[in-house]
Amino acid sequence: MSLRTPLKRAKGLGAAGDGVHHWLIQRLTAVALIPLFIWFIVSLVSMTGADYATVSQWMANPLVTILLVLFIGTLFYHSELGLQVVIEDYVSSKGSRLTFLVLSRFVHFFLAAAGIIAVLRVAFGA
Amino acid sequence: MAAENRPVSPHLQIYRFMWTMALSILHRITGVFLTIGTIFLVYWLVSVAAGPTAYATAQELIASWPGRLLLFGWTLAFWYHFCNGLRHLFWDAGQGLDLGAARLSGYLAVAAAVLLTLLTWYAAYATHGGVL
């Protein structure tokens, strides 16, 4: 017999709490990506086959730099949350599930950092 | 049953095939496919940072026929994931959950995705006079 109250036990156990945050952020990033993606695709389409000068000047425009950094950050956040759920659902073995989850997170952070730093390098003229 | 061997969701074998279920799994498939696409997006961004030579190589890769095929696939996957994602957001708000509405919005999402993909590529070709 435990002397702890049922509430005390419930508070320390179970999925309640964190899952809601995951769910909410997945939707929040989805909503943020609606305008960001439309802007990004329209920009890319209007620069189809553009030369280096055009693209680097576009990237160095302050508003474009801000939007691109936000876009990359939100995109990889959303992608990481999505892939995490897919891994949790389809990888049944505990060991490989953890490996894939950690690997996915590392790769997402690496790609996000690489993308943002690339944009900033162009923006600051490095 | 040992915890390791328990079945994980969803149990595909026990459901009768439905249109809405195909669209549901397609949302995940396109999502994973788009995640792979982000590697190429970052490669393109890095090529701009690396300078004109690297950028020219990236543009050449994109303009090659496998490059265009992949890009077309990602365009279609993106617009589908976008349209179906809107469906999900409406469902999350408690809208359009009955069977008829869910089926109809499914057809609409697929049709819109195809149309937006064609429109995107038409606009891209028009921008550059037919050469990517």
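UniProt positions are given in the numbering used here, feature names are shortened, and annotations may be inferred rather than shown by experiment. The legends below describe a predicted model.

**View 1. The UniProt "binding site" residue of chain B.** In an unreviewed entry, UniProt places the feature "binding site" at His81(B). His81(B) is part of helix α3 of chain B. At 18% relative accessibility, His81(B) counts as buried, because the cut-off for buried is under 20%.

**View 2. Residues around His81(B).** When its neighbours within four places in sequence are left aside, His81(B) is in contact with His27(B), Thr30(B), Gly31(B) and Leu34(B), and also with His78(A) of the partner chain. With Thr30(B), the side chain of His81(B) forms a polar contact of 3.3 Å.

**View 3. The interface of chain A and chain B.** Contacts here involve 41 residues of chain A and 34 residues of chain B. The size of an interface is often given as the accessible area lost when the parts come together. For chain B and chain A, about 3,200 Å² is buried between them, and carbon and sulfur atoms account for 74% of it.

**View 4. Polar contacts, a salt bridge and the chain B side of the interface.** Seven residue pairs, both at pLDDT 80 or more, are in polar contact between chain B and chain A. Two salt bridges are found across the interface. One of them joins the side chains of Arg27(A) and Asp92(B), at 2.7 Å from N to O. On the side of chain B that touches chain A, the elements giving two or more residues are α1 (19–50), α2 (52–63), α3 (65–92) and α4 (99–127) of chain B. The most comes from α1(B), with 13 residues. By class, this side of chain B has 22 nonpolar, nine polar and three charged residues.

View 5. Residues 58–77 of chain A are 95% helix and 0% strand, with end C-alpha atoms 24 Å apart. For residues 98–124 of chain A, the end C-alpha atoms lie 39 Å apart, and the span is 96% helix and 0% strand.

View 6. For chain B, UniProt (unreviewed entry) lists residues 25–45, 65–83 and 104–124. Residues 25–45 of chain B are 100% helix and 0% strand, and their end C-alpha atoms lie 30 Å apart. The span of residues 65–83 of chain B is also 100% helix, with 27 Å between its end C-alpha atoms.

Methods: Residues are numbered from 1 along each chain as its sequence is written. Chains are lettered from A and ligands numbered from 1 in the order in which they are written. This is a predicted model: local features need pLDDT of at least 70, side-chain atom pairs count only at pLDDT 80 or more; totals for chains, interfaces and linings use all residues. Side-chain values use heavy atoms; hydrogens and water are left out. Contact means heavy atoms within 4.5 Å. Buried area is the accessible area (1.4 Å probe) that two parts lose on being put together, summed over both. A salt bridge is a side-chain nitrogen of Lys or Arg within 4 Å of a carboxyl oxygen of Asp or Glu. A polar contact is a pair of N or O atoms within 3.5 Å; within protein, one must be able to donate a hydrogen and the other to accept it, and residues adjacent in sequence count only if both atoms are side-chain atoms. Helices (H or I, at least four residues) and strands (E, at least two) are DSSP runs, numbered from the N terminus. Ala, Val, Leu, Ile, Met, Phe, Trp, Tyr, Cys and Pro count as nonpolar, Asp, Glu, Lys and Arg as charged, and the others, Gly among them, as polar. Buried means under 20% relative accessible area, exposed over 50%, partly exposed in between (1.4 Å probe, protein chains only).
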